[in-house]
Amino acid sequence: MIKNYFKVAWRNLVKNKVYSFINIIGLAAGMAVAMIIGLWIYDEVTTNKHFKNYDTVYQVMMSQTFDGKRGSQIVLPYPVGEELKAKYPDLKAVAMRDWGGKHSLIYGEKKISKMGYFLGEEGVDMFSLQILSGDKNPLHEPYSIVLTEETAKILFGAEDPIGKMVKFDNATNLKVTAVVSKQPKNSALSFDYLVPFHVQEKMYDYVNLYHKTNWGNNSWQAFVQLNGNATEKAVDAKIKDVVISHFTDENTLKSVKPEVFIHPMSKWRLYNDFENGKNVGGFIKYVRMFGILGFIVLLIACINFMNLSTARSEKRAKEVGVRKAVGSGRKDLVQQFLSESMLISGLAFLFALGLVALALPFFNKLTEKEMSLHIGNPLFWGVMIVFTVITGLLAGSYPAFYLSSFNPVRVLKGNLKAGKSSSLPRKILVVTQFASSVILMIGTIVIYRQIQFGKNQPIGFNNKGLISVEWSDDISKSYDAFRNELLNTGVVVSICKSNSPPSQIFSNNNGWEWKNSQPVEKTVVFSTIATDYDYTKTLGIKLIDGRDFSRDFADSNAVLLNQAAVKRMGLKNPVGEMLKWNGQPMKVVGIIPDIQMQSPFSPISPLTIIFNKGWVSYVNVRMNPGMPASKVLSAIKPIFEKYNPAFPFEYQFADEEYAKKFNYEELVGNLAAIVAILAIFISCLGLFGLASFTAEQRVKEIGVRKVLGASIFNLWTLLSKDFVILVLISCAIAIPVAYYSMHEWLQHYEYKVVMGAGVFVLAVAPAVIITFITVSFQAIKAARANPVKSLRTE
């Protein structure tokens, strides 16, 4: 019987090639979108699940109150790791980690710059790193280094790396103690090498001088693994005062109130937003949003199938009547029609699989992921079979029950005519379909405008023709000679040092005092940039008042403020004012505009630029604007290699780095645009099929009207108006829904675009125009047909 169902279903597909093609392509497009979004969601929700201790590993975090605002952070004091390890038995393991960064690795004549971490020795087991060769406790030795398999091959080729010495930053020899597997791209611990955390105390004097016993500097991260019987809530209660217990300052105790807690690995990726010390979600909002979008596109494709199947009901009516007359029950007919939808769904799935395979490389580039179709995994095929069956049932259930409900007596007497009531469900489905598409279009336009709004915000400095290169001890040794040689090339206009690149701010500090400030205001946090000379010149910042740091003055205690800092301090004539920073006198020598180096959608923070020759992480170079970038880079590369021999010449363009701040918004915008375009395409495909069937159904009426003198325009209006009215109703429903949804989305941004009427016109106009074009093709074709052919049988 099942074989017979599918045989009849196949004959119907072959007999109605155009409608079959529309159904299959429409469903395939919808299924492909749903599959790609499904793969993306799977990649997001399975982040870090490859770690064996996924359920017991937590990141230690801390909530503090600054300037009346309670915030949560992942950075902690250096000594917190030893304290947690020594005093809290609920913690099976504790591993400290730095922020990570690129460092030079040298072996023989080979030198590479790779990204890695200083990690506590218990971190290897905690993060269940797969050791391919070497010591099982590879970070136990103080001067050791762990390499990924990929990094080891680059440095050592076919040689066995275990026991070999690698020079780190051209300064410290480290022994390779293990080679481990490279982490997946969606891992929270992605690295090329690992070095013991405490070796920093031997490598860098500043760690011993400023960090080792300092409970007030938060620059490090901590991870813990709980014992089997420990709970998150119980551990939170025990460790909450681990930092504040080391403070004696009353202002800190009363106003900052640092409170330590742990955050589970399962929430690191998707639930990483905090407000007032409480978790309020995070990237999960995008996962949910695109899950809904994927379902909507699939639903739109299913609606196409429903509409075309029920619209052709008169064509199938006699078949139903005959089947019922010879004894078929409604159950048999439902099974027959569902088998047809299953066959179409199966064929659509094969097409969709091909579309996904073609689209995945582009999608991976767009989302910066490494997703693939797991065709060798039986679980994948099990999920796909269930997905195909559900799609077939979703698309075919309504037509199956509708067609099987026909009365055989009425059908065989020829009394079954489609009236207004029979077309109402189709009209509702068309309205639903197009309303969903228009909502997606409006959302895409709003997201695009929000991105452009952020990009068009003034940033206060010139990020074009500006590059930054990571600092090193080798450059530090001969900085003046290095600087002069660069300037003498003529391809460089200006150079400066800083503790962060032009597109970011790495440091935030409190402890500032100003005229008439209150003791509690010492907790106000100011962003901090450390530099020496020519910072404003190199970045192209125009001073509002005062001057930049100068070699003509003794500026060791000088500071520049931005407008936000002046406003926060309430200074009327700031230049010349004396401030204090942690008790040290500081003199304001200049005022700069509010420069945007953080999120372009958030208020600019109060900023202090301090004069500090030793606090350096980057050298910034302003290129000669009259020369091509390629010529400038070629000229300065040999100089960098001369003074920085341990590092390959690697640089960042400030404008490109700044553009990365829009990555999330652009990802959301691009995905929404793709989904919206496909939704419109699928909707128009269905509309084309309905218009074609309507014209076919009314062919004799059209013939009679032409004989009686109706013009092509009259007939075009007759056939098109119903569809256009439905699309206009769709737009009327979509506009308020889209306005509410996008208004809520925009509330996440401090600086946001205003949704004017133009947004809705831009979305509605194309929808109506596309509808006109789609329907008009069939309407004009029917109107131009020879009436003799349609009436010859009458």
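## Aromatic contacts

Phe760 is buried, at 11% relative accessible area, where buried means under 20%, exposed over 50% and partly exposed in between, with a 1.4 Å probe and protein chains only. This is a predicted model, in which local features need pLDDT of at least 70 and side-chain atom pairs count only at pLDDT 80 or more, while totals for chains, interfaces and linings use all residues. Residues are numbered from 1 along each chain as its sequence is written, and side-chain values use heavy atoms, with hydrogens and water left out.

Rings of Phe, Tyr and Trp (its six-membered ring) pair if their centres lie within 6.5 Å, and planes under 30 degrees apart count as stacked, over 60 as edge-to-face and the rest as tilted. By this rule there are 35 aromatic pairs. In one of them, the ring centres of Phe482 and Phe640 are 5.0 Å apart with the planes at 80°, so the pair is edge-to-face. Because Phe482 lies in helix H17 (residues 479-488) and Phe640 in helix H20 (residues 629-643), this pair ties together parts that are 158 residues apart in sequence. Phe482 counts as buried at 0% relative accessibility, and Phe640 counts as buried at 2%.

Ring pairs also link Trp471, Tyr479, Phe482, Phe640, Tyr643, Phe649, Tyr651 and Phe653 into a cluster.

Charges over rings are listed next; the rule asks for NZ of Lys or CZ of Arg within 6 Å of the ring centre and within 35 degrees of the ring normal.

| Charged residue | Ring | Distance from ring centre |
|---|---|---|
| Lys497 | Tyr479 | 4.7 Å |
| Arg547 | Phe553 | 3.8 Å |

Terms used: Helices (H or I, at least four residues) and strands (E, at least two) are DSSP runs, numbered from the N terminus.
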